[in-house]
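Reader: I want to learn how to read contacts between parts of a protein. Can we work through a case?

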2 protein chains.
Amino acid sequence: MSLIPALKSLLGDSHVLTGPDMARHASDWMGNYHGTPLAVARPGSTAEVAATVKLAAEHGIPVIPISGNTGLTGATYTEGGLLLSTERLNRIREIRPASRIAIVESGVILSRLHDAAETHGLYFPLWFGARGSAMIGGVLSTNAGGSNVLRYGSTRALCLGLEVVLPDGRVLNLMSELHKDNSGYDLKDLFIGAEGTLGIITAAVMKLVPAPRAHATATLAARSLPDALTLLNRLQAASGGLVEAFEYMPADYMARLERIRPDLGIPFPAHRDCTILVELAATSPALATETPHGTLPLTDLLEETLAQLMQDGLILDATIARSTTQRAAMWARREAAAEIGAAVKPMIDSDIALPLDRVETFLTRIAPRLADIAPGAETVTVAHLGDGNLHFSVYPGDPSRALYDRVIHAIEDIVQDLGGSFSAEHGVGLSKLNSMARRKDPVALDLMRAIKQAIDPGNLMNPGKVLPPKDASE
Amino acid sequence: MSLIPALKSLLGDSHVLTGPDMARHASDWMGNYHGTPLAVARPGSTAEVAATVKLAAEHGIPVIPISGNTGLTGATYTEGGLLLSTERLNRIREIRPASRIAIVESGVILSRLHDAAETHGLYFPLWFGARGSAMIGGVLSTNAGGSNVLRYGSTRALCLGLEVVLPDGRVLNLMSELHKDNSGYDLKDLFIGAEGTLGIITAAVMKLVPAPRAHATATLAARSLPDALTLLNRLQAASGGLVEAFEYMPADYMARLERIRPDLGIPFPAHRDCTILVELAATSPALATETPHGTLPLTDLLEETLAQLMQDGLILDATIARSTTQRAAMWARREAAAEIGAAVKPMIDSDIALPLDRVETFLTRIAPRLADIAPGAETVTVAHLGDGNLHFSVYPGDPSRALYDRVIHAIEDIVQDLGGSFSAEHGVGLSKLNSMARRKDPVALDLMRAIKQAIDPGNLMNPGKVLPPKDASE
């Protein structure tokens, strides 16, 4: 029997999509990748995922896992492979509040986990724009980051255990709830961030934290970017490590924001060089109780600290959110990044990570290089500054491939020289394969290939992603 | 040239030890393993480590890395292999306070890193008894834990980057300072905890945190063990997550303590069933400033919370440390664990991890099993309760191997049934190879073997450790 009828007999006709029914899965949401899968299989259980993988392996057909389809690197693109959607593995199996864990399947949407945790007074501390569509399987497979990494770490730091279907259809049960376990190699973290090239994650044990009882949010104009790191450390010291977000929006960001979303306003028209959005969150009642004069101790703490920093000359201006409406307005300026970033074409985007104290150096060095390569090109910069993650986009006007490459090479040259990474939180997928070939330590690439070969000798799990071919050169 | 002269010519005569000069390295500190290494090589740089590994590989001689030699599982035992000591790789290469990182070599003693961080007002938050001898290489290779895991995680969570000499002598440079990096598989975490079976860690980038400005410490008698988890969550909620240690010492511990170290005193003679040592630490000035009446807000917070818990009936009695002397006296009772544990022979020790809410179940189930297998056997229990890590020791009187095995099997049966691990923080080494064979998911073992084969095809890196032979059966 050929693969599609075999799958239909395994999963039921309605769970094997072909032809136009595959439209929703075959293209990525940004519209950059339009693939032609053989079919989309939608297994409803771990056992069905295993059986699907086995069937595909028997037919020599590659399997490409897909969940919320909110990725940015083309990691689910395929010509002729079988898309395996985890969307029906959508149960929150269990929440154990006393142990602060949630046991979830890989098709659970991130915001559903947020909601479920909230009913127990808990929080799943991973927060990014696509939270209403992204699913746990993709979140784990890309080791997703976002705005709270500064305090809670990336997805890897939030996962205690995994269930994985291996390329040969065996189920690897690593569903540990343990906070300490030194029984052999760390397989869990190998599958997290592997973008489906080593196996398919079907379920996970995730950590929860106490839900913040209070937030204190401010927008401020720092004197300079190097000062911003001092600011962050001063805020952390004053608050005892309560900073949850520390987002950087410089002059190029404000210029674009003003043009595309004038309704959102510019916080400090006279001081646009280094706007910072900072948010503290507290779980202790001592910091989260309303005081008689209407403010919270946490807000007072933020205000006092900012006043001191202004006196010390590190801050030029600052506004504190006095209501949830004001807080939302501050976040709206930051969350407009995707919209205002994509408003001009062509766009050369990047997702780079730098050592915390080298972000300024990068910006200082890239400016003259760009002036040389693409004179007059607009840039838009926005950063999770607290963890060194910069989204730096260039708008050269001219859409030629040669120019695109020159810009990317210039960015990567400086990033590599500063000990940074060309991929901070989006992963590699297809779009950064060339960067992997160019920039990754060749010894590390060799090891990764050896591991891929050992776990997926038939190269059937999301082939052609993450690892560039051995002979790739630039 | 045979290996030893070749090594002497590479490293200098004084850095290749043989015969009686190897005594310090050839046996473990507990005196359980006495090996006969071919020699002890003490390279002084990463390049010399690489050259040593290459030389040994050319001679087909296994290499066994050793650093502080404080391990508990026989992981550095060898008959005929080359011990490679990292003790001369002892530089703290750099501390960057603004970025909160330390770049250290693998021969740096843990307490030296503590001291160096302290001069910058920072803390390296890994704390355990052997800190004055243990070195970073071993700390990383065993993913060491200790008392602060609850708040800061194990070693893996504290490491940003690694430098590793691979089995073929190539140097893998993963010395990242980045907090986000999604460029391919997570190789770093594969080498952490691999106990030297995949390569030799020569240097690392470690995270630092702000040094606590104040501690508040108490000893309390909880009503029951299940109540203790409620206590922990209440203390975390009240303090906003400031609990750094939550250590459990039940009646069997107190009985042994009273017998072996009567000078240390028993905190609550009438309530011995569930003694807890709790410590909060604060970095924020608001919680760490001395108040006019002589106490700290953090101590007040602890006192108020404990008073509330006592009123709610969860606590039977409590004492708060009012001075550093009182704090030290509380910790002395907990840190006497190694001494009082080893004071009776023969001892069957264990290092198990359990889901946080299943520690009580374990103790309830093991008691009747032990009464059956080893009637009258004394036990000593002590736990890092905040992370589910239990050191449960049995003293059966009779030292026969058969009885030893029956006790270990009984413990492991229950641990496995409850979703726990037979090795929480000490690793596998030699002493838990049988447990790996018996208890580890066979699919996971297969994968680990495939990875070992892919990275060390000649099986020359610490062979025979961590992974039991394929045909091992119990």
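This is a predicted model: local features need pLDDT of at least 70, side-chain atom pairs count only at pLDDT 80 or more; totals for chains, interfaces and linings use all residues.

Reader: How much area is buried between domain 2 of chain A and domain 3 of chain A?

Author: Buried area is the accessible area (1.4 Å probe) that two parts lose on being put together, summed over both. These two domains bury about 780 Å², with 43% from carbon and sulfur atoms. Ser147(A), Leu150(A) and Arg151(A) supply 68% of what domain 2 of chain A buries there, more than any other three residues.

Reader: How many salt bridges are there between domain 2 of chain A and domain 3 of chain A?

Author: A salt bridge is a side-chain nitrogen of Lys or Arg within 4 Å of a carboxyl oxygen of Asp or Glu. The count is 2. Glu335(A) also pairs with Arg131(A) in a salt bridge, closest N and O atoms 3.8 Å apart.

Reader: What area do chain A and chain B bury between them?

Author: About 6200 Å², 57% of it on carbon and sulfur atoms. Each chain gives 80 residues to the contact. The rule finds 10 salt bridges across this interface. Arg96(B) and Asp357(A) meet in a salt bridge at 2.8 Å, N to O.

Reader: What are the ground rules?

Author: Residues are numbered from 1 along each chain as its sequence is written, and chains are lettered from A in the order written. Local features need pLDDT of at least 70, side-chain atom pairs count only at pLDDT 80 or more, and totals for chains, interfaces and linings use all residues, while side-chain values use heavy atoms, leaving out hydrogens and water.

Key
Contact means heavy atoms within 4.5 Å.
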